[in-house]
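Thanks for coming, everyone. Please take a moment with the sequence and the model before I start.

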Amino acid sequence: MNEKVFINNQFGRICGLFSSDYSEEDTVVLLIHGFNSHKLGNALKSINDTLVELGILTFRIDLYAHGESSGSFETLTVSKAIETVIDSINYLKSVGFKRIGLIGSSFGGLASLFASIKVDDLSFLVLRSAVSYDQGNIIAQSFNLNLNDW
């Protein structure tokens, strides 16, 4: 049974989804989707399903301007995605999680990498096809964005 939560932050709210009841848990894996995807997207589905089958609690979020989280695509920046990940980690700590792992995919991998630099007590970080700066240039050019502003 999935449990949806909304986390208030400086940009509005983040929508997150626990894979099951979390009241008795102290360990969780935070899953971060890629660009133009969402917490229920296919890219992380197999990872989520495998972790759940192993009895590991997961928490999937919608990044800023994705899915049910606040924000518009036109105002999306890497910094806002990073802050969304950090705010999600801080939320998990605030509800009692002691061990938090982080798995980020593509654009979510980039945000996860930089968030992990600012959060010093993650249990682990896994990057799945994380976007590099050069890939960021490709995305920015595709949407006529200035990468420095993005």
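Which residue forms a salt bridge with K39? The partner is D62, and the closest N and O atoms are 2.7 Å apart. One caution before I go on: this is a predicted model. So what does this pair connect? D62 sits in the loop between β4 and α2, and K39 in the loop between β3 and α1, so the pair ties together parts that are 23 residues apart in sequence. Are these two residues buried or exposed? D62 is buried, and K39 is buried as well.

Let me stay with charge for a moment. Side chains of opposite charge can pair when their charged atoms come close. How many salt bridges are there here? The count comes to 6. I will show you two further pairs.

Take E68 and K4. Their salt bridge has its closest N and O atoms 2.9 Å apart. This pair links distant parts of the chain, 64 residues apart. E68 is in the loop between β4 (58-61) and α2 (78-94). K4 is in strand β1, residues 3-9.

Now put the pairs together. Which residues are linked in a network of salt bridges? They are K4, K39, D62 and E68.

Next, K118 and E83. Their side chains meet in a salt bridge at 3.7 Å, N to O. Again the pair links distant parts of the chain: K118 in helix α3 and E83 in helix α2, 35 residues apart. K118 counts as exposed, because its relative accessibility is 59%. E83 counts as partly exposed, because its value is 22%.

On to the strands. Look at β4. What covers it? Both of its faces are covered. T58 and R60 are on one side, F59 and I61 are on the other, and all of them are buried.

How does β4 run against its partners? With β2, the strands run antiparallel, and 3 bridges join them. There, G16 stands opposite I61 in β4. With β3, the strands run parallel, and 4 bridges join them. In that case L31 has R60 of β4 as its bridge partner.

Now the surface. Which residues form the nonpolar patch? They are L113, F114, I117, L125 and L127. Together they have about 420 Å² of accessible area. Which elements supply them? α3 (107-118) and β6 (124-128) each give at least two residues. The largest share, 3 residues, comes from α3. One member to pick out is L127, which lies in strand β6. L127 counts as partly exposed, because its relative accessibility is 37%.

A negative surface patch is formed by D21, E24, E25 and D26. Let us zoom in on D21. D21 lies in the loop between β2 (12-18) and β3 (27-32). Its relative accessibility is 42%, so D21 counts as partly exposed.

From D21, jump to G96. In sequence the two are 75 residues apart, yet in space they are 13 Å apart, C-alpha to C-alpha. Where is G96? In the loop between α2 and β5 (99-105). G96 is partly exposed, because its relative accessible area is 27%.

E53 belongs to helix α1, residues 45-53. Is E53 buried or exposed? E53 is exposed, because its relative accessible area is 71%.

Let me recap. K4, K39, D62 and E68 make up a network of salt bridges. Strand β4 is covered on both faces. β4 is joined to β2 in antiparallel fashion and to β3 in parallel. On the surface there is a nonpolar patch that includes L127 and a negative patch that includes D21.

Note on methods
Residues numbered from 1 in each chain as written. Predicted model: local features only at pLDDT ≥ 70, side-chain atom pairs only at ≥ 80, totals over all residues. Heavy atoms only, no water. Patch = residues over 30% accessible without salt bridge, like charges linked within 9 Å, V, L, I, M, F, W, Y side chains within 5 Å. Areas by Shrake-Rupley, 256 points an atom, 1.4 Å probe, with all protein chains shown as cover. Salt bridge = Lys/Arg side-chain N within 4 Å of Asp/Glu carboxyl O. Lys, Arg positive; Asp, Glu negative; His and termini not counted. Charge placed at Lys NZ, Arg CZ, Asp CG, Glu CD. Buried < 20%, exposed > 50% of the residue type's maximum accessible area, 1.4 Å probe, protein only. Pairing = 2+ DSSP bridges.
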